[in-house]
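Please walk me through this structure, taking a strand and its partners, then a single side chain and its surroundings, and finally a pocket.

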Amino acid sequence: MPELPEVEIVRRGLEQLVVGKTIKHVSVTWPRIIQDSEGVEGFSQQMVGQTLEQVKRRGKFLFFYWSKDGWISHLRMEGKWLIVPHTEPVNKHTHVVLSLTNGEDLRYQDVRKFGRIHRVKKSEMPKAIADLKLGLEPSELTTEYLQKALKKTTRSIKNVLLDQHVIAGVGNIYCDEALWRAEIHPERPAHTLTDLEYTRLVKAIQRVIVSGIEAGGTTVRTYKNAFGEAGQFQKQLAVYQRAGEPCWRCDTPIVKIKVGQRGTHYCPVCQVTTPDTTVVVGLTGSIATGKSTVSRYLKQRGIPVIDFDQMVHNLQQPNTPTLAALQAQFGPEIVTRDGALDRKHLAKRVFNDSEALERLNHTMRPFIVGALQEQLEVARLHQTPLVVLDIPLLFEQHYQWWCDQVIVVSTSPRLQLERLMARNNLSKSDAELRIASQIPLVDKEQRADAVIDNSGTIDDTYCQVDQWLSELEHAFHFTKE
């Protein structure tokens, strides 16, 4: 079913292609699609000569404003509006054809014939829209609204999110994706969510809807926009229609179940059934931007910081399963005579060999994921309000999915290069190669929720961190102490 992103993309296409165009003739081949007090014949007669002035949307509904009349259009399962030349053959799934005076057709196609077009006088449109009793749009959501709407219901959170009277526009696809991002089990009773989980869910819904619109919608069956183009968000789906494939966070196979008679996809490990009160923040940057400075300051502030590099180092100690797995993958030469990992030798093996680096990451990932899960579970059991994951290659290795927020420590390109050369005693060319091996810093900044500029004094950096912490507490409704 087209959901908010798909319907919004259709609306934009209609605004661009059809507004200002006038109807010359109307043909309807499936009368049930038309809901009109004057019937299909009256609909066809009344629409001739009318010019489209505007197309609006709320939730999954499109609102057409013509010269005299208004339409409420619901695409249901597989409806679509297309603008094509009048000479193009009409296929069997086209049920309404509006021939326009400029030689084009506005055609409504619907394989399953579930869509509806309801005509009313334009002056009656406000009441007709109000009678739909639609909830807030995702962009209008707040934690407080969601808490008030859900705190008394024992329905599953998925069933509530699909209720268009609560949130307008979220359907099966984006609901599954938002719940995965928020790490909430789809069968959780809605009223059992914590304040953090309500906030996390609001942010997840908003982000997934925006991403869906930016990608032009999701095409999993027949959806196309008004230009006849498919969407691209299906390439970003984390759980929907990925049953049996590994979760992007923990590698556990995605499961498909039925919730309220709807096929539902989720991760049985990541999406918890118990309340969660711990905010997880990812701290990253690029080499020599000053991430370690921020990490040390957060520790001084009494905030638990999970040091990714130290955790990996501990996993690779002698006589550990991790070291045995690495030795099996790369050979005995990566282990010294005293049984320790020869880190310099391993680094040399993988630095300029993308295939070897991929094997290293693949070998290490199960151990890293297990260790991260264990440490975060301890934090949650102790109801720790905030945990920071200090991960240098957070985006490169896709650990952003573990985080409620990502903070990037940045600096100017000149300072980054100078600091790296001085710190590691590198030539300019070698330092530039090290920097180029990571995702460009500007790209990380664009993907971050907050950026700390470490180009000034250390006090300037600390002030920015303090300000960010204050904003984080406000956004997620918690207090560190």
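Two strands are said to pair if DSSP finds at least two bridges between them, and strands themselves are DSSP runs of E with at least two residues, numbered from the N terminus. With that in hand, and bearing in mind that this is a predicted model, one can turn to Leu98, whose bridge partner in β8 is Leu106.

That bridge belongs to the pairing of β7 with strand β8 (residues 104–110), which runs in the antiparallel sense over 5 bridges. The two strands form a hairpin with 3 residues between them, and in this hairpin Gly103 takes a positive phi near 90°. Strand β7 also pairs with strand β1 (residues 23–28), again in the antiparallel sense and over 5 bridges, and here Val28 is the residue that stands opposite Val96 of β7. In a regular strand the side chains alternate between the two faces of the sheet. As for how far β7 is covered, buried means under 20% relative accessible area, and 7 of the 7 residues of strand β7 (residues 94–100) are buried, so the strand is largely enclosed by the rest of the structure.

The next stop is a residue in a loop. Gln271 is found between β11 (262–266) and β12 (279–285), and because its relative accessibility is 1%, Gln271 counts as buried. What does the side chain of Gln271 reach at 2.9 Å? It reaches the backbone oxygen of Ile184, while a polar atom of the Gln271 side chain lies 2.8 Å from the backbone nitrogen of Cys267.

The last stop is the second largest pocket, which has a volume of about 610 Å³. Its lining consists of 20 residues, of which Arg181, Arg207, Gln400, Trp401 and Arg447 are the closest to its centre. By class, the lining has 7 nonpolar, 5 polar and 8 charged residues. Which elements each supply at least two residues of the lining? These are α7 (195–214), β15 (405–410) and α15 (441–447), and the largest share of the lining, 5 residues, comes from α7.

Technical notes:
Residues numbered from 1 in each chain as written. Predicted model: local features only at pLDDT ≥ 70, side-chain atom pairs only at ≥ 80, totals over all residues. Heavy atoms only, no water. Helix = DSSP H or I, 4+ residues; strand = E, 2+ residues; numbered from the N terminus. Buried < 20%, exposed > 50% of the residue type's maximum accessible area, 1.4 Å probe, protein only. Polar contact = N/O pair within 3.5 Å; in protein donor to acceptor, adjacent residues only side chain to side chain. 1 Å grid on protein atoms, 1.4 Å probe; cavity = no way out; pocket = protein on both sides within 12 Å on 5 of 7 lines; lining within 4 Å. Points joined across faces, edges and corners; volume = space filled by probe spheres on them. Nonpolar A, V, L, I, M, F, W, Y, C, P; charged D, E, K, R; others polar.
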